Amino acid sequence: MNDMTPVTTGHSACPHDCPSTCALDVEILPDGRVGRLRGNSENDYTAGVICAKVARYAERLHHPDRLTKALKRKGAKGDGTWQEISVEEALDEIAEAFVKAEARHGSEAVWPYYYAGTMGLVQRDGLDRLRHVKRYSGEFGSICTNMAWTGYVAGTGSLTGPDPREIAKADLVVIWGTNAVATQVNVMTHATTARKTRGAKLVVVDVYENATMRQADLALCLRPGTDAALACAVMHVLFRDGHADWDYLNRFSDRPRDFARHLEDKTPEWASAITGVTVEDIETFAAWIGKTPKTFMRLGYGFTRSRNGAVAMHAASCIATVTGAWRHEGGGAFHNNGGIYHLDETMIAGLDRLDPSVRMLDQSRIGPILCGNDADLKGGPPVGAMLIQNTNPMNVAPDQEQVRRGFLRDDLFVAVHEQFMTDTAEMADIVLPATMFLEHDDIYKGGGHQNILFGPKLVEPPQGCVTNHQVVTGLAKRLGAEHPGFAMSAREHIDWLLKASGWGDLARLETNKWIDCQPGFEEAHYLKGFGFPDGKFRFAPDWGRFAAPNRPQDGQALGPWESLPEFPDQWEAIETADEEYPFRLVTAPARSFLNSTFSETPSGQTREKRPEVMMHPLDAEAAHLNDGDLVELTSRRGACRLHMRLSDGQQRGTLIAEGIWPNSAHQGGRGINALTGADAVAPYGGAAFHDNAVRIAPCVAVAPLD
């Protein structure tokens, strides 16, 4: 290769668990390495803008600590002693362990475990094909979306909504419960366009002053878990001041007059006492919404990660129905577009071999499951063998003390397919080195927009790294698992998926880079009716429908769903502060990390510096703590050590810890999820990561926690 070889540009899609799923332009350098990544300017949602961490993706791809060899544990679990083996030997060992576990306790003793480390459908969901063919235990994927999706669909009947590009056409943009600057930057691109071209106002609702809130015309900082109270007070004002669209309500909603009566005592004064937001700000917020037909509400995930999160999401989505904002381009409430794609994953996931009688284990309850809790095991056998792809449960799963105890079981075999030596990989018996997204073919769909995107293999992986698809097909061969999908390449899977789903074929997608799947205006805005048989939005949801027999939890209701309020209300299901645990902790995302991904990159570590907890100066003074002190946070579940940073950007009594740092980054080796709970959230499960009652105390010892 001579020095005149040009830099070329490849096209891909960001694979990470972010609603933006950005269309990417990728620099391919003359030596075959990757340079800078940029947002594709021709894609009108990405609009040429991506987050800084993905722009610097070469840091991850070419990181010196990247795994490139298969490893077998030599010493005790977690002690870091390994021997190199070949990938073929590693697959042999995994298959043998699966056969032994099945021989002891039946096929359900094997639990393939994955989540969203990649959002690519082939490389993420192919593990289900092996699961279904072999009748291994199922996985109820509850850790991220359950409260948000359930709360939104409770009202709309469909996980769809206005075209998110319409944010740019709004006169008022409300960003509720998401730090979009850090977690979905393209929302800010379109909000900025609305501000520049239309003079739109921006309202941000959150629990602390973050990068998004600092850009707001009106920033509403409330106490964690009180969003429904704010929403109810806003709607009280809308009805009180004549801003409710009664023609729309009578046509498109259930029981609007009963709902209006329910809200009569949900005054701004009532909500102010609950939320800590001033009466004046609540009145201003409601007046802006009431006087602005084109109000676009971008509802995030963060405010739903509480034990009352589904109720909060539903309450916020009701506002657009009270005003009839759905009627307008640039108006309505949007959360996720997952319902528009109608993708047939039969071949990828082996859905034609799914047996509903096989038990379904709750992903968020991995700690109690591995510790042998009979209710979580559904009365079935203990989990004896696991293959983990695309997730890092030893770091990101709630109730970490139980998770740790479970992984330390001598009779549990664990194989981890990973890119770096994560907290979970350190506990494995076998570690396989994984490719990254630019090194394999895959297909992606946008949750925060309307595109299906192709991500082709653009560069060669390091020698020794294997794709998720190769691992699944390699194990299938060794285990005697038969299905047509095991004989197909990733590209063949993509082609089959597109054809079966009515979206053309791979050749078309490869040429066009993406497919715009956005429904027409009337359908997207529910002007043909909401997704219930009578076409009406539900102010009074049938919460019990989420525990119907066709749901993945064997028809059992999850959490205290019977006590869910009939109409939107402040539901006191949260873990309230008390004398023993006087603070409420929110474990918010860090701008430079994405869950536990990117925590290994030098730029991310430099920007985030160290694990810290933000505390109000007046709270710190009362607790005799100083800026920079090493402190110990303790909940009913565990303890975590980190440094305290003074911040007056949240209400008193609220603590904020950004980012999921590796456990080893914390003094004592326990990460932030030692504090969080794994109890199932009503009505459809999930983990309440932002809902923790804790105490804080100075920490002088630095020995490992027992």
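The predicted model contains zero disulfides, counting pairs of cysteine sulfur atoms within 2.5 Å. Cys18 is in no disulfide, and the nearest cysteine sulfur, that of Cys22, is 6.1 Å away. Cys18 is not paired because a disulfide calls for sulfur atoms within 2.5 Å, and the sulfur of Cys22 lies 6.1 Å from that of Cys18. Cys144 is in no disulfide either; for this residue the nearest cysteine sulfur belongs to Cys18, 11 Å away. Cys18 is buried, at a relative accessible area of 17%, and Cys144 is buried at 14%.

**Confidence**

The mean pLDDT of the protein is 95, and 97% of the residues reach 70 or more. Residues 548-555 have pLDDT below 50, and beyond near neighbours in sequence this stretch has 15 contacts in the model. Where pLDDT is low, the predicted coordinates should not be read in detail.

Helix H12 covers residues 279-290, twelve residues in number. From first C-alpha to last, H12 reaches 16 Å, close to the 16 Å expected at 1.5 Å a residue. The buried residues of H12 are Ile282, Phe285, Ala286, Ile289 and Gly290. These residues lie on the same side of H12, because they cover an arc of only 130° around the axis.

Helix H17, residues 400-407, is largely enclosed by the rest of the structure, because six of its eight residues are buried. Those buried in H17 are Gln400, Glu401, Val403, Arg404, Gly406 and Phe407. They pack against helix H15 (366-370), strand E14 (385-389), helix H16 (393-396) and strand E15 (413-418).

**Asn663 and its contacts**

Two residues of H17, Gln400 and Arg404, are also among the contacts of Asn663. Asn663 lies in the loop between E24 and E25 and is buried, with 4% relative accessibility. Beyond residues up to four places away in sequence, Asn663 touches Met394, Asn395, Gln400, Arg404, Asp423, Gly669, Arg670 and Gly671. With Met394 there is a polar approach: the backbone oxygen of Met394 lies 2.9 Å from a polar atom of the Asn663 side chain.

**The loop between E9 and E10**

Val207 lies in the loop between strand E9 (201-206) and strand E10 (218-221). Val207 is buried, with a relative accessible area of 10%. Leaving aside residues up to four places away in sequence, Val207 touches Cys221, Leu222, Arg223, Pro224, Val586, Gly649, Gln650, Thr654 and Ile656. The C-alpha atoms of Val207 and Val414 are 38 Å apart, and these two residues are 207 residues apart along the chain.

Asn210 is placed in the loop between E9 and E10 as well. Asn210 is buried at a relative accessible area of 2%. A polar atom of the Asn210 side chain lies 3.1 Å from the backbone nitrogen of Thr212.

| Side chain | Backbone atom | Distance |
|---|---|---|
| Asn210 | nitrogen of Thr212 | 3.1 Å |
| Asn663 | oxygen of Met394 | 2.9 Å |

**Backbone geometry**

Most residues other than glycine have a negative phi, and most peptide bonds are trans. Which peptide bond is cis, with omega near 0°? The bond from Ala682 to Pro683 is cis. Pro683 is in the loop between strand E24 (654-656) and strand E25 (692-698). Asn663 lies in the loop between E24 and E25 too.

Arg255 is not a glycine, but its phi is positive, near 50°. Arg255 lies in the loop between helix H9 (246-252) and helix H10 (256-262). Arg255 is partly exposed, with a relative accessible area of 36%.

Phe598 also has a positive phi, near 80°, in a residue other than glycine. Phe598 is placed in the loop between strand E20 (583-586) and helix H22 (602-608). Is Phe598 buried or exposed? At 1% relative accessibility, Phe598 counts as buried.

How values were computed. Residues are numbered from 1 along each chain as its sequence is written. Side-chain values use heavy atoms; hydrogens and water are left out. Helices (H or I, at least four residues) and strands (E, at least two) are DSSP runs, numbered from the N terminus. The expected span of a helix is 1.5 Å times one less than its number of residues. Buried means under 20% relative accessible area, exposed over 50%, partly exposed in between (1.4 Å probe, protein chains only). The arc is that of the directions from the helix axis to the C-beta atoms. Contact means heavy atoms within 4.5 Å. A polar contact is a pair of N or O atoms within 3.5 Å; within protein, one must be able to donate a hydrogen and the other to accept it, and residues adjacent in sequence count only if both atoms are side-chain atoms. pLDDT is the predictor's confidence in each residue, from 0 to 100.
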